[in-house]
Amino acid sequence: MTNLRETVFKKIEDKEQRIIELRRHLHSHPELSFEEENTSQFIKDFYKDKDVKMHTDLNGQHGLVVEINGGQSGNTIALRADFDALPIKEDTGLEFASQNEGVMHACGHDAHTAYLLGVAEALIEVKEDLPGTVKIIHQHAEEVPPGGAQDILASGVLDDVDEVYGIHFFPNIDVGTIFVHKGEAFAGRSNFDMHIQGKGGHAAMPQNTNDALVAGAYFVTEAQTVVSRRIDPLESAVVSISAFEAPGGYNVIQDNVTLRGTVRYMNEDLKETLYNEINNIARGLETTFNVKVNLDYKYDYPVLYNSDKQTDAIQHILEQAQGSYVTDVVDLGPITASEDFAYYLTDKPGAFIVVGAKPVDYGVYPPHHPKMVLNEDGFQVAAKALADIALNRLTAEI
């Protein structure tokens with residue numbers, strides 16, 4: 001296996017420029033969640049002359065799974081990358097910036113796809129010596145609920161998978177640093193829309209109105225008490241109001257406002273508690289302000305739980321690689337962002353890790369920012385890390 005690892009790593013190194021070119025093409029041609037027809041076709045074309053089995057049209061969506069059947073006996077390991085973009089107008093100034101107005105790969109899914117294409121190609125080229133089967137998951141629609149992971153799982157193509165692994169780039173972590181956290185690693189998520197219908201009127205005669213804007217403002221303030229007064233201080237939860245729409249003039253009290261918010265939690269048991277508390281506040285607005293409140297509350301991605309045994313195993317693999325492609329293996333604790341990779345981990349054991357891609361000579365901007373860029377040197381780290389994990393787990397005692 002040592003010789004196979006060295007061979008695969010050499011192939012990944014030889015493909016470095018190819019991986020960068022793939023990423024830049026994908027970055028220039030982003031597509032929104034559930035609309036990734038051209039991206040999906042680009043990936044299919046990459047594999048069309050290769051000795052693999054391709055599973056497409058999974059649950060009627062753009063995601064696909066590529067099956068690499070090795071020539072030796074072993075386990076079945078799945079590796080996943082997502083490929084959807086965000087409704088953001090790019091402001092990076094990159095020469096390969098988005099050509100699709102108002103759409104941007106601002107979360108690194110272009111890079112996820114590119115390095116995994118490189119890993120897959122390297123594994124295909126050694127498939128006769130490869131133990132077991134590797135299933136490459138190219139997933140659509142990670143950003144928008146219900147998420148593409150559920151489509152992939154519902155297709156049944158992963159039913160025989162023993163373990164599943166994935167990586168996310170973070171632009172605020174140095175290249176060479178890999179973050180691994182056992183247990184609850186990414187938050188569960190719920191989103192809500194709230195419409196408050198009041199009675200509008202003249203701003204000089206507020207006594208004749210039922211002011212929806214005041215009710216909305218009260219909700220924004222009161223919602224902060226859900227975490228501070230209703231959640232155990234030893235638990236982790238977030239309630240954020242992300243939009244408040246109440247257009248109007250100086251002398252008009254609008255008769256309705258719309259709010260939007262997101263809720264995050266590191267314990268799945270908090271999901272119902274958080275909904276109940278927010279709903280209670282909404283119902284209280286109706287009594288206090290004599291308005292009608294419509295709360296559209298959606299449970300979204302579950303808490304992402306990295307399996308204990310598998311996380312311990314890959315941490316050992318990565319620590320053994322320190323001094324080569326890995327500089328540091330660290331545990332930064334749970335992350336309050338959410339990921340629909342969580343669905344795979346509710347079905348199969350495995351882990352999801354973070355690889356640093358901090359840019360040099362450019363500002364550091366977070367994911368989902370119009371100026372977010374990644375350091376392309378991090379692509380080799382991610383590719384080698386995922387290949388290292390796959391080769392090890394293909395022959396591991398599951």
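## Charges

The place of a charge is taken as NZ of Lys, CZ of Arg, CG of Asp or CD of Glu. By that count the chain carries 32 positive and 61 negative charges. Their mean positions are 1 Å apart.

## About the model

This is a predicted model: local features need pLDDT of at least 70, side-chain atom pairs count only at pLDDT 80 or more, and totals for chains, interfaces and linings use all residues. Residues are numbered from 1 along each chain as its sequence is written, and side-chain values use heavy atoms, with hydrogens and water left out.

## Overall build

The chain has 10 helices and 16 strands. These elements are DSSP runs, numbered from the N terminus: helices are H or I runs of at least four residues, strands are E runs of at least two. Along its principal axes the C-alpha trace spans about 80 × 45 × 40 Å.

Of the 398 residues, 54% count as buried. Buried means under 20% relative accessible area, exposed means over 50%, and partly exposed lies in between (1.4 Å probe, protein chains only). The chain exposes about 16,800 Å², and carbon and sulfur atoms supply 45% of that area. Accessible areas come from the Shrake-Rupley method with a 1.4 Å probe; for residues, only the protein chains shown count as cover.

A contact means heavy atoms within 4.5 Å. Among contacts between residues at least 6 apart in sequence, 81% join residues at least 24 apart.

Two strands pair if DSSP finds at least two bridges between them. Strand E2 (64-69) pairs with two strands named here. E1 (53-55) joins E2 in the antiparallel sense over 3 bridges. Met54 has Val66 in E2 as its bridge partner. E4 (residues 131-139) also runs antiparallel to E2, with 6 bridges between them. Here Ile68 stands opposite Val134. E2 is largely enclosed by the rest of the structure, because 5 of its 6 residues are buried.

Ile136 sits in E4. Its relative accessibility is 0%, so Ile136 counts as buried. The C-alpha atoms of Ile136 and Val66 are separated by 4.9 Å, though the two residues are 70 apart along the chain. Leaving aside residues up to four places away in sequence, Ile136 touches Tyr47, Leu64, Val65, Val66, Ile68, Leu79, Leu116 and Ala120.

Strand E16 (residues 350-356) is mostly covered, with 7 of its 7 residues buried. Both of its faces are covered. One side holds Gly350, Phe352, Val354 and Gly356; the other holds Ala351, Ile353 and Val355.

Strand E5 (residues 163-170) runs parallel to E16, and 7 bridges join the two. Tyr165 has Ala351 as its bridge partner in E16. Strand E6 (residues 177-179) runs antiparallel to E16, with 2 bridges. There Phe179 stands opposite Val354.

## Strand E8 and its partners

Strand E8 (residues 188-197) pairs antiparallel with strand E12 (residues 256-265) through 10 bridges. Asn191 stands opposite Thr262 in E12. E8 is also joined to strand E13 (residues 292-299), again antiparallel, by 8 bridges. The bridge partner of Ser190 in E13 is Tyr299.

## Backbone exceptions

Most residues other than glycine have a negative phi, and most peptide bonds are trans. A few places here depart from that pattern.

Phe34 has a positive phi, near 70°. Phe34 lies in the loop between helix H2 (16-28) and helix H3 (37-47). With a relative accessible area of 26%, Phe34 is partly exposed. Asn59 also has a positive phi, near 60°. The loop between E1 and E2 holds Asn59. Its relative accessible area is 47%, so Asn59 is partly exposed. The peptide bond from Pro145 to Pro146 is cis, with omega near 10°. Pro146 lies in the loop between E4 and helix H5 (148-154).

Note on methods
Lys and Arg count as positive and Asp and Glu as negative; His and the chain ends are not counted.
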